[in-house]
Amino acid sequence: MKLQRKNRRALALGALAVSGALALTACGSDDTGNTGGDSTSTAKAGNIDCGDASGQLQASGSSAQKNAIDAWVKQYTAACKSVQLNYNPTGSGAGVTAFLQGQTAFAGSDSALEAEEITESKKTACTDGGQAIDLPMVVGPIGVGYNVPGVDKLVLDAPTLAKIFDSKITNWNDAAIKKLNPDAKLPDLKIQAFHRSDESGTTDNFGKYLGAAAPNDWKYEHSKSWEAKGGQSASGSSGVAQQVNQTAGAISYMELSYVKGGMKAVQIKTDAANPVEATTENATKSISEAKVVGTGKDLALELNYTPKAEGAYPITLVTYEIVCDKGNKAETLPGVKSFLSYISSEDGQGLLAEAGYAPVPDEIITKVRSTVSGLS
């Protein structure tokens, strides 16, 4: 664990060093190129309340939510022209580490904080007796994207996926895949399985799914780091998506909005009668069963990776924005509260479907809004 934490710190520092190349930078410009800047810091445009927000907000973490952040920041900075928000999609592990080291105003993570990370936050990132908390903000299906020439529809179940990603099934015309796809023309083609090279909450959630739905075939503990043997790696959701798009025979897991180009998404066989497509609507059916398991103001969720309802897509993730419940830095607190208030609002959550995500269920997002309003 100590070695892993050192690696995470190194990743976080390296990621921040190249943030200029990777960060999403919203400088308050609108579609006409007008940088504005004439509005006062207390301006309220539409339903976005800028409050006293101004200056720069540095944030990093989950690459799975980057497309949602893109959509949010475009709207937010058009209203709040005195705020510049830089979000660097370094991966959940590096994002959490940067936040705990006090380098960012908030972090994005597809996995809830571990107990030791909460304890560490009390000594580092959060003052005045505060601690880091998880605020669920984005729901997304984890698509299993594939690139198999001539195969437009592919059904896989958890045991078969486990064997593919553990290098136990290595060819696309394997008997197990044929059984699930009797009408498909499966080629005699080597499977190229890609996984994330960086610490990733998407990896963690995918591992949780395999462990829950295929316990006899997936013997690895879930982790932000890839634990299985074999396969090839790439950095970030965009990295694995690029590899699948350009590699015949490739397969990988990624947030659904990255399944595009020449890729298609696997349909997942569950205990329901019909295989389930990876859609935001089907992910919502599964997420509706999530339970809040965090204590106090922490809103960490427990997901059900083995839903039985028809149309409930089982491989899902929730991205959390991680902040201090109190003891946030005074210079960034107004911006953090303003931005998180917007993205948790009805308008902010309403943008998610267009970006390929699903909104957080009403019962949970209501608690998020209340918690954000009380940040200090």
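This is a predicted model: local features need pLDDT of at least 70, side-chain atom pairs count only at pLDDT 80 or more; totals for chains, interfaces and linings use all residues.
Student: What describes a pair of aromatic rings?

Tutor: Two values describe a pair of aromatic rings: the distance of the centres and the angle of the planes. In this structure the count comes to 10 aromatic pairs. Take Phe165 and Tyr253. Their ring centres are 6.1 Å apart and their planes stand at 65 degrees, so this pair is edge-to-face.

Student: Where in the chain do Phe165 and Tyr253 sit?

Tutor: Phe165 is in helix α6 (residues 158-165), and Tyr253 is in strand β11 (residues 250-255).

Student: Are Phe165 and Tyr253 buried or exposed?

Tutor: Both are buried.

Student: How are the rings of Phe206 and Tyr253 arranged?

Tutor: They are stacked, at 4.6 Å centre to centre with 15 degrees between the planes. This pair also links distant parts of the chain: Phe206 lies in helix α8 (residues 201-213), 47 residues from Tyr253 in strand β11. Phe206 is buried too.

Student: Which residues form the aromatic cluster?

Tutor: Phe165, Phe206 and Tyr253 belong to one cluster with Trp218, Tyr220 and Trp226.

Student: Now helices. Why do residues three or four places apart point the same way?

Tutor: Because an α-helix has 3.6 residues a turn. Now look at helix α5 (residues 115-123). Its buried residues are Glu117, Ile118, Glu120 and Ser121. They cover an arc of only 160 degrees around the axis, which puts them on the same side of α5.

Student: Which residues are exposed on the other side of α5?

Tutor: Ala115 and Lys123 are exposed there.

Conventions: Residues are numbered from 1 along each chain as its sequence is written. Side-chain values use heavy atoms; hydrogens and water are left out. Rings of Phe, Tyr and Trp (its six-membered ring) pair if their centres lie within 6.5 Å; planes under 30 degrees apart count as stacked, over 60 as edge-to-face and the rest as tilted. Helices (H or I, at least four residues) and strands (E, at least two) are DSSP runs, numbered from the N terminus. Buried means under 20% relative accessible area, exposed over 50%, partly exposed in between (1.4 Å probe, protein chains only). The arc is that of the directions from the helix axis to the C-beta atoms.
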